[in-house]
Amino acid sequence: MAAHRKAAHRKPGQRLFSGAAARSAAALALAGAATATAATGSAQAEPRRTAAQVKAEVDQLYRDAEAATERYNGAKEKATAAARSVDALRDEAARRTEQLNTSRAALGSLAAAQYRAGGLDPALQLALSSDPDEYLERSSYVELAGDRQAGALSGIQRRINGISQIRARAEGESAVLAAREAELARHKKEITSSLADARRLLQTLTAAERARYEAAQRADEAVPATGASATGSPSATASGASATPSAGAPSAPNGRAAQAVAFAYGALGKPYVWGATGPSAFDCSGLTQAAWRAAGVSLPRTTYTQINAGQRVSRARLAPGDLVFFYSGISHVGLYVGDGKMIHAPRPGAPVRVAPIDEMPFAGATRVA
């Protein structure tokens with residue numbers, strides 16, 4: 001009996017919770033376990049990217065940097081125009097201020113002369129004059145001088161108003177310039193940030209992976225400048241800055257296009273520098289602008305304005321000298337040289353080279369002349 005009572009006494013102690021209390025305890029236990037699991041997971045290092053993943057991310061960062069470069073180029077063009085406008089308005093205000101000061105000096109001289117002559121009543125001057133005819137002649141000059149004085153005053157007021165308007169316009173243009181400069185700084189930060197991220201990612205590769213990556217880049221940069229000749233030997237490579245099209249390469253449709261193509265071949269091997277338009281370095285739109293400038297044609301500065309600088313042509317109708325554009329945002333451009341190839345400034349670290357137009361998503365083409 002005593003043993004039964006003792007056993008009965010132990011049973012409630014084996015089950016501390018029941019019903020809702022038991023469910024709450026279970027939930028707390030699960031939550032605690034989940035928290036412990038999350039803490040353990042967060043303490044673990046992130047999975048290491050593969051070399052292929054790093055390459056894909058680096059390539060995307062370079063594309064982001066190039067898109068920001070084109071936005072930078074557009075903002076810089078507008079900032080330069082705003083700066084020229086501010087300078088011109090300030091020069092005009094200074095010129096008009098000088099004219100105003102000259103008019104004020106002339107008016108001051110006239111006023112001083114009148115003061116020295118005294119202010120006698122005209123009738124009294126006539127009465128005291130020993131020669132009425134001389135007085136009447138002189139009085140007509142005085143009246144004419146008064147008219148000139150009134151005209152001078154009116155002219156001075158017009159000049160003051162004009163200067164005020166010019167200064168107001170200059171202030172407005174100065175505000176525009178400040179906004180453009182802020183935009184430039186923002187795009188510059190985007191560019192440098194993307195490039196820094198790309199460098200950090202490349203540093204996560206092992207020495208062997210980095211060597212393979214760089215070897216692949218060098219192989220890309222050694223794409224033949226033209227199609228292989230009949231013997232299978234390339235006529236030129238990206239490292240040959242004086243390379244020219246081979247005899248079998250397609251000819252440009254006109255002399256200007258031929259000049260642009262020749263310039264592009266002459267730029268082979270020169271470095272990519274964002275914002276550069278030559279002659280020692282280029283970005284993508286800077287290269288195409290410089291090539292056509294050498295042919296006597298002025299192109300806009302950015303990819304998204306260059307695509308509208310001529311007649312659109314289909315991919316099937318491409319001819320040497322045409323501008324070829326890539327990616328949905330029209331963020332890259334090259335100069336078509338025939339045989340499905342272009343010369344372009346690829347990205348930082350990759351010099352001007354020849355590449356197949358198939359290596360990037362084709363977005364359109366324009367024939368300049």
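Helices here are DSSP runs of H or I with at least four residues, strands are runs of E with at least two, and both are numbered from the N terminus. Keep that in mind for the labels that follow. What you see is a predicted model. By that count the chain has nine helices and six strands.

Some overall numbers. The chain has 369 residues, and 33% of them are buried.

Now to one residue, Asp283. Where is Asp283 placed? Asp283 sits in the loop between α7, residues 255–266, and α8, residues 284–294. Is Asp283 buried or exposed? Its relative accessible area is 0%, and the cut-off for buried is under 20%, so Asp283 is buried.

What does Asp283 touch? Leaving out residues up to four places away in sequence, the list includes Thr69, Asn73, Tyr272, Trp274 and Arg301. There is also a polar atom of the Asp283 side chain 2.7 Å from the backbone nitrogen of Gly286.

Arg301 has 8% relative accessibility and counts as buried.

How many salt bridges are there? The count is 10. I will show two others.

One joins Asp358 and Arg315, at 2.1 Å from N to O. Asp358 is in the loop between β5 (353–356) and β6 (362–367), and Arg315 is in the loop between β1 (311–312) and β2 (323–326), so the pair ties together parts 43 residues apart in sequence. Asp358 is exposed at 59% relative accessible area, while Arg315, at 38%, is partly exposed.

The other joins Glu92 and Arg95, at 2.6 Å from N to O. Both residues lie in helix α3, residues 51–117, and they are three residues apart, about one turn of the helix. Glu92 is partly exposed at 22% relative accessibility, and Arg95 is partly exposed at 40%. Together with Arg96, these two are linked in a network of salt bridges.

That is all from me.

Technical notes. Residues numbered from 1 in each chain as written. Predicted model: local features only at pLDDT ≥ 70, side-chain atom pairs only at ≥ 80, totals over all residues. Heavy atoms only, no water. Buried < 20%, exposed > 50% of the residue type's maximum accessible area, 1.4 Å probe, protein only. Polar contact = N/O pair within 3.5 Å; in protein donor to acceptor, adjacent residues only side chain to side chain. Contact = heavy atoms within 4.5 Å. Salt bridge = Lys/Arg side-chain N within 4 Å of Asp/Glu carboxyl O.
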